[in-house]
Amino acid sequence: MRILRSVRHKSCADGTFMKEFILNAPVTEGFFSYLGNFGEVEALPNLGDGFYKFEKVDWFSIKGFAGDTTVEVRFKKEVMDLTVDFLYLLFSSYREGTVDLSVLKQREQAVGKRVREHLYGS
């Protein structure tokens, strides 16, 4: 799955920066399960059947409906330049079925170190 482009951007009142992305294929429930390897995934059926939220604290959150080709991503502004490439990597590395997480986990650790240094100085 690939991110084709961003169609909407805005600064939010909570200090995050929102981007709406158009994808080349619909997101699936399996994709949100896969994201659970990197943060917290929550199904929110009260907002609609198939609505999911993923959060990677201090990095970004992803919200969307399984079956849609758009997702909303809210980045922590201070580290967006450090985390946006990892977001693209998450999408491009996803394959329905088997996914090799080892490279993604290594990249996550490296980016995480830079995020912590930037936010907390350690």
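Which residues does M18 touch, not counting residues up to four places away in sequence? M18 touches R8, H9, K10, C12, E72, V73 and R74, where touching, or contact, means heavy atoms within 4.5 Å. This is a predicted model, in which local features need pLDDT of at least 70 and side-chain atom pairs count only at pLDDT 80 or more, while totals for chains, interfaces and linings use all residues. Residues are numbered from 1 along each chain as its sequence is written, and side-chain values use heavy atoms, with hydrogens and water left out.

**The sheet**

- Six strands form an open sheet in the order 1-2-6-5-4-3, with antiparallel pairing; strands (E, at least two residues) and helices (H or I, at least four residues) are DSSP runs, numbered from the N terminus, and two strands pair if DSSP finds at least two bridges between them.
- Strand 1 (3–11) and strand 3 (40–43) are at the edges and have a single partner strand each, so one side of each is left without a neighbour in the sheet.
- On average, and with direction ignored, neighbouring strands of this sheet are turned by 20° against each other, where axes are lines fitted to C-alpha atoms, for helices over the stretch in contact, and angles run from 0 to 180 degrees between N-to-C directions.
- Helix 2 (residues 80–93) packs on the sheet and touches strand 1, strand 2 (16–23), strand 5 and strand 6, and its direction makes about 150° with that of strand 6.
- Strands of a sheet pair through backbone hydrogen bonds, either parallel or antiparallel.

**Strand pairs and hairpins**

- Strand 4 and strand 5 pair in the antiparallel sense over six bridges, and E55 has S61 in strand 5 as its bridge partner.
- The hairpin of strand 4 and strand 5 has three residues between the strands; D58, in the loop between them, has a phi near 75°, a positive value in a residue other than glycine.
- Strand 3 and strand 4 run antiparallel and are joined by four bridges, and E40 has E55 in strand 4 as its bridge partner.

**Buried residues and their contacts**

- M18, which has its place in strand 2, is buried, with a relative accessible area of 1%; buried means under 20% relative accessible area, exposed over 50%, and partly exposed in between (1.4 Å probe, protein chains only).
- M18 and R8 are ten residues apart in sequence, and their C-alpha atoms are 7.8 Å apart in space.
- K19, also in strand 2, is buried with a relative accessible area of 17%, and its contacts, not counting residues up to four places away in sequence, are S6, R8, H9, V71, E72, V73, F75 and M80.
- T83, in helix 2, is buried with a relative accessible area of 0%, and, not counting residues up to four places away in sequence, T83 touches W59, F60, F75, V111 and V115.
- Strand 6 has V71, V73 and F75 on a covered face, and T70, E72, R74 and K76 on an uncovered one.

**The largest pocket**

- The volume of the largest pocket is about 170 Å³; on a 1 Å grid over the protein atoms alone, a pocket is an open set of points where a 1.4 Å probe fits, with protein on both sides within 12 Å along at least five of seven lines, and lining residues have an atom within 4 Å of a point.
- Grid points are joined across faces, edges and corners, and a volume is the space filled by probe spheres set on the points.
- The largest pocket is lined by 14 residues, of which T16, E55, F60, S61 and R74 are the closest to its centre.
- Strand 4 (51–56), strand 5 (60–65) and strand 6 (70–76) each supply at least two residues of this lining.
- By class, the lining has four nonpolar, two polar and eight charged residues, where Ala, Val, Leu, Ile, Met, Phe, Trp, Tyr, Cys and Pro count as nonpolar, Asp, Glu, Lys and Arg as charged, and the others, Gly among them, as polar.
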